[in-house]
Amino acid sequence: MTAASTPTAPDGLVTRSHGGNVPTASRGLRFTSYDVDAFEVPGGREEDWRFTPLRRLRNLHKGAASTGTATVSVDAPREVSVATVGRDDPRLGDGGVPADRVAAQAWSSFTAATVVTVPTEQRVADPITVTVTGPGVDKVAYGHLQLRIEAFAEAVVVIDHRGSGAYAENVEFVLADGARLTVVGVQDWADDAVHVAAQHASLGRDAVLRATAVSLGGSLVRQAPTVTFSQPGADAELLGLCFADDGQHLEHRLLIDHAVPHCKSNVVYKAALQGEAAHTVWIGDVLIQAEAEGTETFELNRNLLLTDGARADSVPNLEIETGEIAGAGHASATGRFDDDQLFYLTSRGIPEDQARRLVVRGFFGEILQRITVPEVRERLTAAIEAELEAVGA
Amino acid sequence: MSTLQIKDLHVSVLTDEAPKQILHGVDLTVRPGETQAMMGPNGSGKSTLAYSIAGHPRYEVTSGEVLLDGEDVLSMPVDQRARAGLFLAMQYPVEVPGVSMSNFLRSAATAVRGEAPKLRTWVKEVKQAMSELDIDPSFADRSVNEGFSGGEKKRHEILQLSLLAPKIAVLDETDSGLDIDALRVVSRGVNRFQEQHTDAGVLLITHYTRILRHITPDVVHVFAGGRIVESGGAELAHELEEHGYDRFTPKQEVAAS
């Protein structure tokens, strides 16, 4: 049973679904390699790169040499093991293999990787914080991070990105059978920063991944999470909250590969944009392979344009190779700020700036509610308020 | 004491093409404690009048005045009009996803009262007001108007009327789309508001006479072609009930239909 639905937009936005926009080559069978030279230098017309402003990439796609180091610090309870390992550590790569040139470049270029391991059946109550600080203005750095959640272990991890410079990395989430990982990635970069990240999540039997991407800062941020189900019964939820200002390019490219039966995936990404040339890109590829019977998946992308001159690109792709699934669908909508909502709230005496904040906070509310770490939720709420105040909205 | 004065009001609606004039000189005074009914056929400009008073950006006042206790309302932004004591119960209340009713009500009450209501008394106050309008308490946690039925939306408009306690309330077709029970509940809410705020004025805009069986107007106006064409007492409403608006609508429209 398939249900590719185009629901009416509850935000009062125009619903524009790109149904049937199936990529020419199956996303699951895409080319992957650790070798940077196995990928051609992108020219900007490739499907993978057509939305990314390549001239702002600081040559990360053209073999830019590492000229600095990003600092990675981990704050974790004692039961969690944190290790800095060399390139030869056999565990690296368990999560996945690079699928584009910048990811392969990062793989070829990093000198030390950080591996955070939550041991079997360990339930870590307090959040683990990984802070990544960029190499500094005009510097280029490559990095590697792996989170290993062993069988039936549970953890909450906050990955905080801050600082300046250009940084490309691979991040692996390796979830063993029955493992549960809640991870919140915060992009709180300085205005000059360029960040290109390939995230590889591999889920064992009955593993549960709750990943939230929060993109606020940086000049150009491009994140490409890939979820691979290796065993049945796993469940992945990918949430995104994105606030793009003047001239910012914030791109999220998701691939969820259902290769085994009875797995679930759910995607909700929301972006608010304001200012001249603010640009967000959301690509949501979901592949249900022929073996993946009983799959249940839904993806939703909503974009709220607060001012003229902002642009949101949204491309959901759903590729289904078996009819024996529980459900599959996608929806995408991009709309302007609703003047009627503003009128309604202000007609009750609420000042206009406060009314705008209520509407935007409401727009993101669905995502914020699902962020279970109170400190993170408060910080994000404050960050959204700050974004709104910055333009005097 | 609260008086709403509307003087020779001309209003155009902004469309994709040229602005279109809807109101052609409206004169009206609502005095403290009065209920005035504004009745008229569809398309006569009743809602335009309501929106113009509240300050909807799609309507442009080309001439005339709106005064609340002598103060120029038209120069005020929308939120300031509400804080000055104007309230519009809308015909089509707007859905605001993600903003809970309780957050919205508290934000509005804080703005209108000039300070945040004390939490303890506020919770009681809202509960009481909701129960008087037969609104289930669970609505407080729902997004503003989202997924509400027509009747539920109208009850929540009256709930806001009761909590914000304006000087002048404009009720735009609050009765439309209500079944008999809901009409009774909503009317009771309006009457309770007037009993509790004897200085407040109400301008009740309606197409039908049935709500006037529950709310007794002091004055009845007939609105047609963007102006008031006749004013009288309750007997005018009775005449409309029996004969409709034919006497007040231009002949050529009848011929064309």
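This is a predicted model: local features need pLDDT of at least 70, side-chain atom pairs count only at pLDDT 80 or more; totals for chains, interfaces and linings use all residues.
The interface between the two chains draws on 33 residues of chain B and 20 residues of chain A. About 2,000 Å² is buried between chain B and chain A, and carbon and sulfur atoms account for 66% of this area. Of the area that chain B buries against chain A, 22% comes from Val94(B), Pro97(B) and Phe104(B), more than from any other three residues.

Between chain B and chain A there is 1 salt bridge. Glu157(B) pairs with Arg348(A) in a salt bridge whose closest N and O atoms are 2.6 Å apart. The count of residue pairs in polar contact between chain B and chain A, both at pLDDT 80 or more, is 9. On the chain B side, at least two residues each are supplied by α1 (46-54), α2 (78-84), β6 (86-89), β7 (96-100), α3 (101-113) and α5 (150-164). The most comes from α3(B), with 6 residues. By class, the residues of chain B that touch chain A comprise 20 nonpolar, 7 polar and 6 charged.

Within chain B, α1(B) is mostly covered, with 8 of its 9 residues buried. The buried residues of α1(B) are Lys46(B), Thr48(B), Leu49(B), Ala50(B), Tyr51(B), Ser52(B), Ile53(B) and Ala54(B).

Chain A is assigned domain 1 (4-336) and domain 2 (340-393). The C-alpha centres of domain 1 and domain 2 of chain A are 25 Å apart. Their contact involves 32 residues from domain 1 of chain A and 20 residues from domain 2 of chain A. These two domains of chain A bury about 2,100 Å² between them, with 70% of it on carbon and sulfur atoms. Leu241(A), Phe243(A) and Lys270(A) contribute 26% of the area that domain 1 buries against domain 2, more than any other three residues.

There are 2 salt bridges between domain 1 and domain 2 of chain A. A salt bridge also links Glu237(A) to Arg370(A), with the closest N and O atoms 2.7 Å apart. Across the interface of the two domains of chain A, 3 residue pairs are in polar contact, both at pLDDT 80 or more. On the domain 1 side, β6 (154-162), β8 (180-187), β10 (208-215), β12 (235-244), β14 (264-273) and β16 (296-305) of chain A each provide at least two residues. β12(A) gives the most, with 6 residues. The side of domain 1 of chain A that touches domain 2 of chain A has 18 nonpolar, 6 polar and 8 charged residues.

Terms used: Residues are numbered from 1 along each chain as its sequence is written. Chains are lettered from A and ligands numbered from 1 in the order in which they are written. Side-chain values use heavy atoms; hydrogens and water are left out. Contact means heavy atoms within 4.5 Å. Buried area is the accessible area (1.4 Å probe) that two parts lose on being put together, summed over both. A salt bridge is a side-chain nitrogen of Lys or Arg within 4 Å of a carboxyl oxygen of Asp or Glu. A polar contact is a pair of N or O atoms within 3.5 Å; within protein, one must be able to donate a hydrogen and the other to accept it, and residues adjacent in sequence count only if both atoms are side-chain atoms. Helices (H or I, at least four residues) and strands (E, at least two) are DSSP runs, numbered from the N terminus. Ala, Val, Leu, Ile, Met, Phe, Trp, Tyr, Cys and Pro count as nonpolar, Asp, Glu, Lys and Arg as charged, and the others, Gly among them, as polar. Buried means under 20% relative accessible area, exposed over 50%, partly exposed in between (1.4 Å probe, protein chains only). Domain bounds come from an automatic or database domain assignment.
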